[in-house]
Amino acid sequence: MALLWTVVSVSFSIIITPFLMFLLAIIFLASIGKSLGVRRLYVKILLKIFEYGRQHIEIAKKDQRREMVTGSSCEGDGDADADATEDERAAAAASTAAAVERAAGAEAGADAGAGDAAHAPATRRPSPGGGAKAPACNGSAGALLPNGALPNSLSVISREDLILSPVPSLNSANGAAKEGLPRSRSFETLKREFELADCLEFVKAGVEAIIEDEVTLRFEAEELKSWNLLTRTNSWYEFISWRLTVIWVLGFLVRYCFLLPLRVLICFIGVMWLTFCTGIVGYVPEGQFKRWLNYRVNIMCFGILSSALSSVITYHNPENRPKNGICVANHTSPIDVLVLACDNCYALIGQRHGGFLGVLQRALARASPHIWFERSEVKDREAVAKRLRQHVSDPKNPPILIFPEGTCINNTSVMQFKKGSFEVGGVIYPVAIKYDPKFGDAFWNSSRFSMMQYLYMMMTSWAIVCDVWYLPPMYQKEGETAIDFANRVKSCIARQGGLVDLMWDGQLKRMKAKKEWKEAQQEEYSKRLKLE
Amino acid sequence: MGNRSSLLLREEEIAQIQEETGFTPNQIERLYSRFTSLDRGDCGTLSREDFLRIPELAINPLGDRIVHAFFEEGCGDRVNFLQFMQVLAHFRPIKKGRDNKLNSREQKLKFAFKMYDLDNDEKISRDELLAILHMMVGANISEEQLTSIAERTILEADQNGDQMISFEEFCKALERTDVEQKMSIRFLN
């Protein structure tokens, strides 16, 4: 018994000292803004592992299918314009991509211990189901989006006819609504008498929407084309191979037993340090020095916090970095703030929260001018707009960071921008943020996970890898309404980030569709009817 | 993680659905994913609210009628996956030489007919037609004009003079319409 105790304490002290040194080194490096490049190396290694895993799953799947006696290797009508080459490469991996045996799954449940409610709902996400197609069925490759990303090729149907949109002039026949491209003039003036067949168009559009619609999937975590070795991204407990299970178990151990405690510690220290530093800055008298100090302190503290998530962020076009004015970005999670604040000092605007976020909010408010308001005040647009204008009018104030969508979207699309921040006037700096979902899904599904559950999931992901593009500043044109300006900025961000540009309101996450939209559709149809 | 297993599809179920509807196993799995994601309460069936939560369907003028088509009378207020698939099967494209049980031209026309036939008496009356017109145009066209449109439509389609459109008359009226194209959805793989 005493021997066991000695062994334990010795091994503990052997492990703990380097651990603490390691921790100190990370924090020190983060605070001076330098990096050993360890995280990038880690991400590269992970990529290789994922690639290996994917190929492996594909091979295993092909073998499985060959064994099964199925005649339908390739449906004749499967002349899919879905990206079949991409499908080929990633497909079988995608379909029921799971290498987790039930035993391993139970292991996850047991080890994750108390409060692992996060996993149960997380595994509910549907897994991509594109099957492995026989090589004869190669379709054409899907078009690449401007920044090289492939559009989501996990669709069940291809929508070629009517797709309804809240702004009926943008009802379109092909994918996302085309900005500023109303239906062709000749169609508008061509009125027809009512026919019994008129309803068919609406019926088909409705049933297509039931099978697949543009909006509801934006409020769920993004589907991955191939498995990234996390239990939460597959829902089919199908056993593929021993090798993959071993890799998964190793990954599990690394994430939970090494990375998680490390990250929690760093996070804790980071928050303490932030509170401490901003407290000190708060005592400095107003002036140039305070602003400079605030800038340095912000970047340092957020740098430490970002290493708590193992984030690897690439900033593009730093010459467009905002210096004042208003900065708008697409919103995926509270981590967006962290991601942007590692490179620049922002003033924040938002609702006053309680709990963990509230602590941070109060800490930050001491050192520099942020705008936090009560929920009840949110409805009072005038008051908020006034404070915004005050802030922006002083060029010495740091740029104010606003997320015009008003809610978290899953980083595959950009939804309607609220016009409030575009009415203030002044210069707008758009920023596009795109996370790489392979390493960890940054989307915060607030209706499903609480903040703590979400942070827990973040800290047990592989890493947070994202790209930030600073876009050139934009100004409201003469005679352009705030709504048009907002849409212009939105499409700019969507194009840069490779996101789908949607006209729908992000509040649909919680609210029902407005009656006015249906009435607008009815009006649109009635315009096409020739009356006697 | 406890009750996840009850939500997974079993092989026999997939085979049964494939037999009845003609969808491939892959398509069935994808559609099952969709079904479960619409099923907020995790109870294995969908209610009308679950359907109408889809914004594109909620703003569709005929949204309510489409949702209604999923709920056969007497089967209560909820739709299970088999019923869901049976309705969707109507929209599969017609393939020559393949068994088209649920997606033949006649089946598609029957589905369209049910959109108009509000009380399910196998006939479209003038009032039913008027009700559908109201749904489609809202308040933008006056009552008199709508009535005259309805009467004209019935006059053109009615052949046996009973002032109502039966299913045969409906089919005849849509003879020259490309029902196959308008009522088929392009499914992938």
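# Close-ups of a predicted two-chain model

**View 1. Two parallel strands meet in chain A.** Strand E3 (residues 326–329) of chain A and strand E8 (residues 428–435) of chain A run parallel, joined by four bridges. One of these links pairs A:Cys327 with A:Tyr429 in E8(A). Helices (H or I, at least four residues) and strands (E, at least two) are DSSP runs, numbered from the N terminus, and two strands pair if DSSP finds at least two bridges between them.

A quick note before the next views: this is a predicted model, where local features need pLDDT of at least 70 and side-chain atom pairs count only at pLDDT 80 or more, while totals for chains, interfaces and linings use all residues. Residues are numbered from 1 along each chain as its sequence is written, chains are lettered from A and ligands numbered from 1 in the order in which they are written, and side-chain values use heavy atoms, leaving out hydrogens and water.

**View 2. The whole sheet of chain A.** Zoom out, and E3 and E8 turn up in an open, mixed sheet of seven strands, ordered E2-E9-E8-E3-E6-E4-E5 (chain A). Strand E2 (311–316) and strand E5 (371–373) of chain A sit at the edges with a single partner strand each, so one side of each has no neighbour in the sheet. From one strand to the next, the twist averages 25 degrees.

**View 3. A helix laid over the sheet.** Helix H2 (residues 38–67) of chain A lies across E2 and strand E9 (464–470) of chain A, at about 100 degrees to E2(A). Contact here means heavy atoms within 4.5 Å. Axes are lines fitted to C-alpha atoms, for helices over the stretch in contact, and angles run from 0 to 180 degrees between N-to-C directions.

**View 4. H8 and H9 side by side.** Helix H8 (residues 242–283) of chain A packs with helix H9 (residues 288–307) of chain A at about 175 degrees, their axes 8 Å apart. That makes the two helices, H8(A) and H9(A), roughly antiparallel (angles under 35 degrees count as roughly parallel, over 145 as roughly antiparallel, 65 to 115 as roughly perpendicular and the rest as oblique). Among the residues in contact are A:Ile266, A:Trp273 and A:Leu274 of H8(A), with A:Leu293, A:Met300 and A:Ile304 of H9(A). The contact of H8(A) with H9(A) counts 13 nonpolar, four polar and one charged residues; Ala, Val, Leu, Ile, Met, Phe, Trp, Tyr, Cys and Pro count as nonpolar, Asp, Glu, Lys and Arg as charged, and the others, Gly among them, as polar.

**View 5. H8 again, now with H11.** The axes of H8(A) and helix H11 (residues 355–367) of chain A come within 7 Å and cross at roughly 30 degrees. H8(A) and H11(A) are therefore roughly parallel to each other. Residues making this contact include A:Thr275 and A:Thr278 of H8(A), plus A:Phe356 and A:Leu360 of H11(A). By class, the contact of H8(A) with H11(A) has nine nonpolar, four polar and one charged residues.

**View 6. Over to chain B.** Chain B has eleven helices and three strands, and its C-alpha trace spans about 60 × 40 × 30 Å along its principal axes. An unreviewed UniProt entry lists residues 104–139 and 145–180 of chain B under "domain: EF-hand". Residues 104–139 of chain B are 67% helix and 6% strand, with end C-alpha atoms 36 Å apart.

Definitions and conventions: UniProt positions renumbered as here; feature names shortened; annotations may be inferred.
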